[in-house]
Amino acid sequence: MNQTGKQYWRSLEQLSNTPQFSEWLHREFPESAAVLDSSSRRTMLKLMAASFGLAGLTACSRPVEKILPAAKGSEEYTPGKPVFYSTVMPLNGAATGLIVETHEGRPTKIEGNPEHSSSGGACSAFAQASILDLYDPDRARFVTHETRQSSWDEFFAFAKPHFDPTQMGAGEGLRFLSQTVNSPSLDAVREHVLRRYPKARWVEYEPVSRDEELAGSELAFGRRLQAHYRFDRADVVVSLDADFLGLDSPEVRYSRDFSRRRRVASEKDSMNRLYIAESQYSVTGAMADHRFRMRAAEVPDFAADLARELGVLPPALTVLNANSRGKRAAAVARDLKRSRERSIVIAGPRQPAEVHALAHLMNYALGNVGRTVVYTESPFVPQLTALKELAEEMAAGKISTLVILGGNPVYDAPADLEFGAAMKKVAVTIHLSVSQNETSALAKWHLPEAHYLEAWGDARALDGTASIQQPMIRPLYGGKTAAEVLAALTGYKDQRAYDIVRNYWMAKWPARDAESMWRRCLHDGVIPGTQYPLVEPKPGKAPELRPSEAPAGLELAFYPSASVWDGRFANNGWLQETPEPMTKLTWDNAALVSPATAREFGLATGDLINIEVQGRQVPMPVWIQPGHADGAISVALGYGRTRCGRVGDNVGHNAYRIRTTANFHFGSASIQKTGRKYRLASAQEHFAEGRAPVREATLEEYRKEPHFAAEHKGEAFSIFGDFDYSKGYQWGMVIDLNACIGCNACTVACQAENNIPIVGKDQVARGREMHWIRLDRYYTGPEDDPQAVTQPMNCQQCERAPCESVCPVGATSHSPEGLNDMAYNRCVGTRYCANNCPFKVRRFNFLNYHKGLTETEKMAFNPDVTVRMRGVMEKCTYCVQRIEEKRIQAKLEGRRPIRDGEITPACAQTCPAEAIVFGNINDPNSRVAKRKN
Amino acid sequence: MNCHKMVKPDSPLLQPVRESYASGRPIPWVRVHSLPDYVYFNHAAHVNAGVSCVTCHGRVDQMVQVRQVEPLTMKWCVDCHRDPAPHIRPRELVTKLDWQPDGDPAEIGRRLMAENNIHPPENCSGCHR
């Protein structure tokens, strides 16, 4: 081992003392490379030669590697083999059951838990990306006291006496503010806290609100109920501004159920029919067979029309635009009536309570209740009024101590509450959150919260199923859970998160079985017997509905973001780069308007406008969205953050600044042009290349011509000739475009599994995003009111691959099992293969996108997949690491054949709609062979 | 420690083992046989197929200090993958480093390959993922 050889590679900067050379090394491409004339190259070479002396190269050998075994090993753990644990991820009051893959004691990949009702084995893009939040380098690493670094000891030294009942009294000036709580053990701690301070109050708030939903059930039934829909049993679904396949449903279960009824395997099958009335183009709208675009304020009119047709509302005396509206409602109602007991009417969270109530009554009238719609008691409470009261109390100086558990109210509370200013009037503010944010900046104490992947807890799904949230790793920065902090402050009987959760559940089971039940629940990821019981409420009278008025100005509606939700994921690079399903925008939000509205106001995509609501305004770039309702603007929440970290700061524009309690979901607004332009990075425009590989037909057309999609033009050619695939495995993948929603879960899952880098807004604008599977969205029809279809596009592993024939170094070749292999170390970066690829699925590392990654971010990498450097081409491999893992496992288990369904690529595993199927097409009994034909 | 509490408990050469046990810190073994990071090598597949330790590592039972005796280059690996028969032996004999086959090793190997359905990958993704 040559010592000089080793030091040469590790300390180039040290060896060469010239500052120019150091500068050159730190830049991706030296200035002179752009020009590349001989004189500057010569200078570079001269510098190199002078700096290194070129002496130490001859005996250059690899550096010494050490193997460090665990000094006290564990039986269950073999280095290199992943271990799987079940847990749950809480989001917006509903939990998704997960199974997390861990390598060497750290979580690396998230999958859905097949045993859990909320997902059935799938999970959303948010769940997939949450692993990056665990490793976020901008997380809070220590307790902060008024911007000074502090410690838990210091905090408790102050807080314990402060919270002692002798000081705090009955808690008149004490308030707690958290996000939606749906955790039994945290509930128990909360009860204890509120018993201890009887005058204190606990307020829950999330910017994505279900208040109208709750109020709707109160209107209809006199109590707060949660509706659960059985989309797999419905033939006709009418959605009143409910994006139930996308962002209006916290669980992915509805996607799976809906897709089951959507799939058509043969001419004998039927499929469901979806109607939707909405303003913005959502993924549910893209799936819809009939989409009625209208402003959000007009949806109640449509609901009333429908209700009148179904006899839920008495006929009206005068109706505006009676003819067209009447015809439309009559047609939909006919379809609904034909599908009595097999239909669903669902209202979305942005619609007022009256629309929800009407939807419930319509379901009753159609006999759907008990079949496609069932009810349970709702565990949720209305939030907005409570938050308003809290803000008023704070502003009036009545609150002395405010404990904020998670969340970011300074950023996302309605602007008219002026929460930040109100917070300054509170003497003691304590904020517990995973990362420091806008609220932490104003809090006296900031406490690092443990991320859900590193903390004990529990959470309920929407249907009540409870699961234990178990950590995969010790809190990276000594964070604590909300329950732990409260327990410490109030002398709860248990202090550690583990004890709080475990003792809560053990007390519920008979002592004899408790230990084995605990282990079983940890293993399965579900606690049996915790589902909410169904209730059978009786509906009351139909509510009064005032017809909508002509709008004053434009209607502005707020939506959660498909990337950052309500802003909490703003520092998550994977999600920021995931294109929004319809606009394909990355790293930004925009003011979406219809082509007609854009023409009316003289707007073009990229124009920066000021949107003004009651004296508050925010700049926002325009995006012209085909199919958007006229006279309306949609904006996504969660952008324009100022304090979330290196990835998300100052990305997009903050719509919360113009969101008030009066126009919480939608309201009127005015716009002014600024004359400035804003650059938007959309991921769609570069790949269509004039070809649309999507084929569509109606059900009748399919029945007449089942092979309408199989026709193709031209012959493919490969210099290698054809391979013989008749023996052994032939890996194939079928993606059912009927079922695909376009939710992006596959994109993020692939990114997590295959160590795909994020490239940033600038590179996305150049078409250099690295996603191995992308969703292409195509519009058909008139510009104002098109249909949209989504097609996932990944490497097709072509049998006569155009890319294989042109690689000069043989870096890509065809495997005998039908895969197009990629040998990264051979690739020299000619990019001829990407040029030849008709689908443009080959992604090139133009820059070293992994440069500057922190140690924690590296922990998120999957060790089974190479991390690619600059200059290397990469593409979908059908998760070859999973194929090989299962193949080796089959070999070790007596050389048995690999069973169908044993190998699942990341995209297929996470797809909530079960649209992606993978397997051996040589096996006529495999799912993929059946789907193919 | 299990064995070395009783087997040569005072040997100076076993000092690293005793230290590791006492302190909980791992013994920093120097890696002799190391493949680049873009190669995904699986020991279990080879051992279970009947490739003996001696084929790739040489007579480690006779080495005072382990050294690398085979080139471990890709060509060397692929040559065996294309014709594994001379290096395949019955599975229970893989750790018998001084085993001499009874007859032509390639014959024995071919028979075992047919019996056990041994087909090592020759395509890129067999080792590069």
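Read along its sequence, chain B follows the pattern α-β-α-α-α-α, which comes to five helices and one strand, where helices (H or I, at least four residues) and strands (E, at least two) are DSSP runs numbered from the N terminus. This is a predicted model, in which local features need pLDDT of at least 70 and side-chain atom pairs count only at pLDDT 80 or more, while totals for chains, interfaces and linings use all residues. Residues are numbered from 1 along each chain as its sequence is written, chains are lettered from A and ligands numbered from 1 in the order in which they are written, and side-chain values use heavy atoms, with hydrogens and water left out.

**The two chains**

Chain A has 32 helices and 36 strands. The radius of gyration of chain A, taken over C-alpha atoms, is 29 Å, close to the 30 Å that the globule rule (2.2 Å times the number of residues to the power 0.38) gives for 933 residues, so chain A is as compact as a globular protein of that length. For chain B, the radius of gyration is 18 Å, whereas a compact globule of 129 residues would have one near 14 Å.

| Chain | Box | Buried residues |
|---|---|---|
| Chain A | roughly 90 × 80 × 70 Å | 59% of 933 residues |
| Chain B | roughly 50 × 35 × 25 Å | 29% of 129 residues |

Contact here means heavy atoms within 4.5 Å. Among contacts between residues at least 6 apart in sequence, 74% in chain A join residues at least 24 apart, and in chain B the corresponding share is 56%. As to charge, Lys and Arg count as positive and Asp and Glu as negative, with His and the chain ends not counted, and each charge is placed at NZ of Lys, CZ of Arg, CG of Asp or CD of Glu. Chain A has 113 positive and 110 negative side chains, whose centres lie 2 Å apart, while the mean positions of the 15 positive and 14 negative charges of chain B are 7 Å apart.

**Inside chain A**

A nonpolar core is a set of buried Ala, Val, Leu, Ile, Met, Phe, Trp, Tyr and Cys residues joined through side-chain atoms within 4.5 Å. The largest such core has 109 residues, of which A:F231, A:V237 and A:W731 touch the most other members. Helix α6 (residues 125–134) of chain A supplies the largest share of this core, seven residues. Apart from it lies another core, of 46 residues, including A:W152, A:V189, A:Y197 and A:I500. Beyond four places in sequence, the residues that A:W731 touches include A:E817, A:Y878, A:R887 and A:F918.

Helix α20 (residues 482–490) of chain A is mostly covered, with nine of its nine residues buried, among them A:E484, A:L486 and A:T490. Just after this helix, A:G491 takes a positive phi of about 65 degrees.

A:I624 belongs to strand β25 (residues 616–624) of chain A. Leaving aside neighbours within four places in sequence, A:I624 is in contact with residues including A:V593, A:P595, A:L603 and A:T605.

Terms used. Buried < 20%, exposed > 50% of the residue type's maximum accessible area, 1.4 Å probe, protein only.
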